[in-house]
Amino acid sequence: MSSRKRKLTSAVAEAVHGQASPPRLQPVSSPAGAAPAGGGSEHTRSPQSLASPYFPGKEKGCCRLGEDFFNQPCISLAKAFLGKVLARRRADGTVLRGRVVETEAYLGGEDRASHSAGGRRTERNAAMFMRPGTIYVYQIYGIYLCMNVSSQGEGAAVLLRSLEPLQGQEVMRELRGARRKPGSRPLKDKELCNGPSKLCQALDVSRGFDQRDLARDGEVWLEQDPDTPSRAPQDIVCAPRVGIDSAREWAATPLRFYVRGNPCVSVLDRAAEKQPTTP
């Protein structure tokens, strides 16, 4: 068996049978001067500004996920993201939140669908080679953006595909509406973040977030929802990624993961949902 086929077989086995690593929590009161992955500290706020009001009755600072969470293999991280809460603080202090319900893993190396396939490094994809937890924002079709987060592995990253809106839905609706035709019908909550570019629009994520550190940044971070238990394997659907038909044999590899039955998932795969999941 060729090394390429072994790599592909290994990726399929890990995607279907692998277990997501348990998250480690980092107190929100991490050093205010800690530099983001991109090399600056201008996006890091004081510890007090990061206290989450989303979890009433919980000790402040207990729910933000730190660098240990992101420091895991790409497929494990893609699964571990499910159920976590992505938070975005805007310049006016408004905080938007959504629960991650769909991700895709891009492994780098021999993964033909990855921007870093074959070890290719460019100015555009530099974040994929930075420490785990680095945000990678890129543009598609010349106008839309997608948000990824680097993991362990050379050039590996997780694409955040869909969120379940939790806080700030009206602001999200305004942000999404700015890109829609006048007179369009109001978006339902489940339509606000059900796609990678919609997610970026709804959370006001710009190209300026590229190479920033999700573990330390003061304007965007990830939280553990204390009321959401870890996902059992049968709750996670493993399906082929979307829109990568040119990636040859990698196009059919089940490296997309989503929460079974969640209405905010961008694309359902009924065939994948019928496949048995081994604990």
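Author: Ala, Val, Leu, Ile, Met, Phe, Trp, Tyr, Cys and Pro count here as nonpolar, Asp, Glu, Lys and Arg as charged, and the others, Gly among them, as polar. The model discussed is a predicted one.

Reader: Into how many nonpolar, polar and charged residues does the lining of the largest pocket divide?

Author: The largest pocket holds about 680 Å³ of space. Its lining has 30 residues, and Tyr 138, Ile 140, Tyr 141, Cys 146 and Pro 196 lie nearest the centre. By the classes above, the lining residues divide into 15 nonpolar, seven polar and eight charged.

Reader: Which element gives the largest share of that lining?

Author: The elements that give two or more residues to the lining of the largest pocket are strand 2 (95-106), strand 3 (135-140), strand 4 (144-150), strand 5 (157-167) and helix 5 (196-202). The largest share is four residues, and the element that supplies it is helix 5.

Reader: How many residues are in the largest nonpolar core?

Author: Buried residues make up 51% of the 279 residues in the protein. In the largest nonpolar core, the residues with the most contacts inside it are Phe 70, Phe 81, Leu 86, Met 147, Leu 214 and Phe 257. Phe 70 touches residues including Phe 81, Val 149 and Leu 214. The size of this core is 65 residues.

How values were computed. Residues numbered from 1 in each chain as written. Predicted model: local features only at pLDDT ≥ 70, side-chain atom pairs only at ≥ 80, totals over all residues. Heavy atoms only, no water. 1 Å grid on protein atoms, 1.4 Å probe; cavity = no way out; pocket = protein on both sides within 12 Å on 5 of 7 lines; lining within 4 Å. Points joined across faces, edges and corners; volume = space filled by probe spheres on them. Core = buried A, V, L, I, M, F, W, Y, C linked by side-chain atoms within 4.5 Å. Buried < 20%, exposed > 50% of the residue type's maximum accessible area, 1.4 Å probe, protein only. Contact = heavy atoms within 4.5 Å. Lists of a residue's contacts leave out its neighbours within four places in sequence.
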